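Visitor: Before we start, please show me the sequence and the model. I will then ask for the grounds behind each label.

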Amino acid sequence: MNPLTLIDKYYPEENELKHILLIHSHSVTEKALTMARNHPELNLDLQFIEEAAMLHDIGIFQTDAKAIYCFGSYPYICHGYLGSELIMAEGFPRHALVCERHTGAGLSLEDIEQQQLPIPHRDMRPISLEEQIICFADKFFSKTKLDTEKTIEKARKNVARYGEEGAKQFDKWCKLFL
């Protein structure tokens, strides 16, 4: 599978949104692959990580996030499950799970219900190590400051905004992947 073929399908025009998506996705991919290569003992699927990391944010065009040139009708928090639906329909269910499960440090059903999030009510936490490393790598990059990798402290602080459970998960990933 070639992730760029799918990105081109859903982002056919060369514009600022596609540029943001590609730069962000490349940054996340490189971070995830570097961490994976630094931990050969984990036996991670590098090809899958490369493909899925490139696709993790494919659903952003359907959301309303004007700061990053998204003019869709859904709240931004929906981009994960929306992207998952796209990738599932393309026949890549394992890749689709990465799209769905990468938001925050993952979202538990309890988090979704308590916060009354406008997303399907199911557990959306990353399970496989590949899902987890992509989710973790994503925390170091913003779509508004494309040229800057966040420090561990800043990435953790951003995750902690959504609750202590996410911060604890981030700390576990630091021990596992860094």
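Predicted model: local features only at pLDDT ≥ 70, side-chain atom pairs only at ≥ 80, totals over all residues.

Visitor: Why is the pair of lysine 9 and glutamate 90 called a salt bridge?

Guide: A salt bridge needs a side-chain nitrogen of Lys or Arg within 4 Å of a carboxyl oxygen of Asp or Glu. For lysine 9 and glutamate 90 the N to O distance is 2.6 Å, so the pair meets the rule. Lysine 9 sits in helix α1 (residues 3–10) and glutamate 90 in the loop between α4 (79–89) and α5, 81 residues apart. Helices here are DSSP runs of H or I with at least four residues, numbered from the N terminus.

Visitor: How many salt bridges does this rule give?

Guide: The count is 14. Among them, lysine 18 pairs with glutamate 14, with closest N and O atoms 3.0 Å apart. Asp8, Glu14 and Lys18 are linked in a network of salt bridges.

Visitor: What makes lysine 18 buried or exposed?

Guide: Buried means under 20% relative accessible area, exposed over 50%, and partly exposed in between, with a 1.4 Å probe and protein chains only. Lysine 18 has 2%, so the label is buried.

Visitor: Which labels apply to glutamate 149 and lysine 31?

Guide: Glutamate 149, at 41%, is partly exposed, and lysine 31, at 16%, is buried. They form a salt bridge, the closest N and O atoms being 2.6 Å apart. Glutamate 149 is in the loop between α7 and α8 and lysine 31 is in helix α2, so the bridge ties together parts 118 residues apart in sequence.

Visitor: What makes α7 mostly covered?

Guide: Nine of the 10 residues of α7 are buried, including Ile133, Ile134 and Phe136. These buried residues pack against α2 (16–37), α3 (46–55), α5 (93–101) and α9. Phenylalanine 136 touches Met35, Phe170, Trp173, Cys174, Phe177 and Leu178, leaving out residues up to four places away in sequence; contact means heavy atoms within 4.5 Å.

Visitor: How do you know what counts as a nonpolar core?

Guide: The term covers buried Ala, Val, Leu, Ile, Met, Phe, Trp, Tyr and Cys residues joined through side-chain atoms within 4.5 Å. The largest such core has 26 residues, and Ile133, Ile134 and Phe136 are among those with the most contacts inside it. A second, separate core of 19 residues includes Tyr11, Leu55, Ile58 and Ile68.

Visitor: Why is one space called a cavity and another a pocket?

Guide: On a 1 Å grid over the protein atoms alone, a cavity is a set of points where a 1.4 Å probe fits but cannot get out, whereas a pocket is an open set with protein on both sides within 12 Å along at least five of seven lines; lining residues have an atom within 4 Å of a point. The search finds one cavity of 30 Å³ or more, and residues including Ile77, Tyr81 and Thr103 line the largest cavity. The largest pocket holds about 920 Å³ and has 38 lining residues, with Thr103, Gly104, Lys139, Arg161 and Tyr162 nearest its centre. Six of the lining residues come from α9, the largest share.

Definitions and conventions:
Residues numbered from 1 in each chain as written. Heavy atoms only, no water. Points joined across faces, edges and corners; volume = space filled by probe spheres on them. Helix = DSSP H or I, 4+ residues; strand = E, 2+ residues; numbered from the N terminus.
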